[in-house]
Amino acid sequence: MMRFLVSADIHLGSPIQSVALRNPDLGDRLKRASRDTFAEIIDLAISEHVDALVLAGDIFDNDHPDLKSRAFLIAQLSRVSEAGVPAVLIRGNHDALLDHRAHGDLGPNIHLLHKGAPTVEIGDVAFHGLSFDAAHVAQSFLPDYPQPVPGKRNVGLMHTSLGGAPGHDPYAPCAERDLMAHGFDLWCLGHIHAPFERVDEPVLAVMPGIPQPRHFGERKGGTVTLVSLGEGTPEFERRAIGHLGFSECALDLRACSDQQEVLRSLRDALLSAQVPGRDMAVRLLVTSDRHGTDLVAELATEVLDSIDGVFLDKVRSTPPPRKLGAETDDLVRLMHDELVEDGFRQAAMQQLEELRLALPSEITDELDEDGLDVLLEEAIAEVSLTLHAGAAQ
């Protein structure tokens with residue numbers, strides 16, 4: 001029996017300027033959260049005495065990480081190496097062009113797999129992986145993967161969108177049935193930030209998800225996966241991890257007759273968002289017919305001065321529940337149906353990329369592919385709000 005800790009999509013050095021512009025304290029916490037979470041992953045690998053730490057791509061957010069981020073990675077990998085735990089990693093689409101050895105070898109027991117060295121054997125297990133060497137790869141990597149090593153258990157690392165996922169461009173797409181039929185016992189995957197597992201006995205594939213979510217579009221993240229590889233189908237266990245979470249809080253203020261009542265409602269809502277031992281970023285979804293979002297945001301800021309571990313991301317207006325006409329209901333429903341159409345999503349991603357190129361760099365971090373669904377839902381909410389306002393007149 002061998003045990004592995006599987007993670008991916010660390011995104012060290014990910015830009016979070018737009019969050020910092022809205023709330024500098026939250027921005028600082030989020031910057032530290034990614035590093036603290038990776039250190040927590042190392043702690044877990046050591047405390048669980050795993051046989052290998054597996055990192056399936058996008059350790060960095062881009063191919064030009066600052067030296068501080070590089071030094072942090074090496075220091076953390078050194079800790080796990082000195083504890084006798086080897087690390088096996090690949091590059092993903094974000095850090096595709098990164099030369100991990102630009103400043104010297106990574107060190108003992110740290111194995112970067114790529115086309116020139118796709119396999120490393122650790123004990124009775126052969127690990128196989130291919131790294132991205134371009135930011136966009138439209139073809140499957142699978143045909144280039146080595147065949148299983150006879151007499152060994154075989155583990156594959158791959159950074160891939162598989163058959164596609166909402167909010168994700170097709171990167172090194174690969175059909176699940178082909179992946180599971182390749183002959184490996186275990187696949188450790190990266191790229192999709194929501195965790196999931198696929199079992200086709202005797203093969204297991206795990207997508208551990210992003211360990212530290214960076215924005216509200218990644219609320220399903222915050223996990224790593226422990227895998228046990230013995231006889232038969234590998235077994236897995238998700239572990240919650242991460243130092244900062246995201247939550248939305250719906251707040252109906254229509255019954256509040258004055259600002260003191262608004263303040264009390266805000267205090268109750270924000271206190272309920274506290275999670276022991278974890279910071280939380282809160283987005284307030286406010287329904288009100290007399291209290292503006294700007295005032296609500298300022299009152300929330302005052303309340304949070306006395307609440308530890310809770311940070312305000314933003315305040316949004318939501319429409320009150322009103323009976324709309326059939327035509328309006330149909331329009332909202334059709335907009336939601338359109339969100340899942342491939343052609344619409346492709347056009348939306350193209351427009352998103354054009355915006356990223358046109359806008360200042362300090363506000364583009366929320367315009368990545370993982371934030372697309374959040375942006376689209378917010379757009380429909382704004383349209384719905386306008387329709388409700390029109391219906392009320």
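Two strands count as paired if DSSP finds at least two bridges between them. With that in hand, here are some close-ups of this predicted model.

**View 1. Strand S3 beside strand S4.** Strand S3 (residues 87-90) and S4 run parallel and are joined by three bridges. Look for Val88, which stands opposite His111 in S4.

**View 2. The open sheet of six strands.** Reading across the sheet, the strand order is S4-S3-S2-S1-S11-S12, and the pairing is mixed. Strand S4 (110-112) and strand S12 (235-240) form the edges, each pairing on one side only. On average, neighbouring strands are turned by 20 degrees against each other, direction ignored.

**View 3. Helix H2 on the sheet.** H2 packs on the sheet and touches strand S1 (2-7), strand S2 (52-56), strand S11 (223-229) and S12. The direction of H2 makes about 175 degrees with that of S1.

**View 4. Helix H2 meets helix H3.** The axes of helix H2 (residues 24-47) and helix H3 (residues 67-82) come within 9 Å and cross at roughly 15 degrees. Angles under 35 degrees count as roughly parallel, and H2 and H3 are therefore roughly parallel to each other. Their crossing is right-handed.

**View 5. Side by side: the residues between H2 and H3.** On the H2 side, the contact includes Arg35, Phe38, Ala39, Ile42 and Asp43, along with Ala45 and Ile46. Facing them from H3 are Lys68, Ser69, Phe72, Leu73, Gln76, Leu77, Arg79 and Val80.

Key: Residues numbered from 1 in each chain as written. Predicted model: local features only at pLDDT ≥ 70, side-chain atom pairs only at ≥ 80, totals over all residues. Heavy atoms only, no water. Axes fitted to C-alpha atoms, helices over the stretch in contact; angles between N-to-C directions. Helix = DSSP H or I, 4+ residues; strand = E, 2+ residues; numbered from the N terminus. Parallel < 35°, antiparallel > 145°, perpendicular 65-115°, else oblique. Left-handed = near helix turned anticlockwise from the far one by under 90°. Contact = heavy atoms within 4.5 Å.
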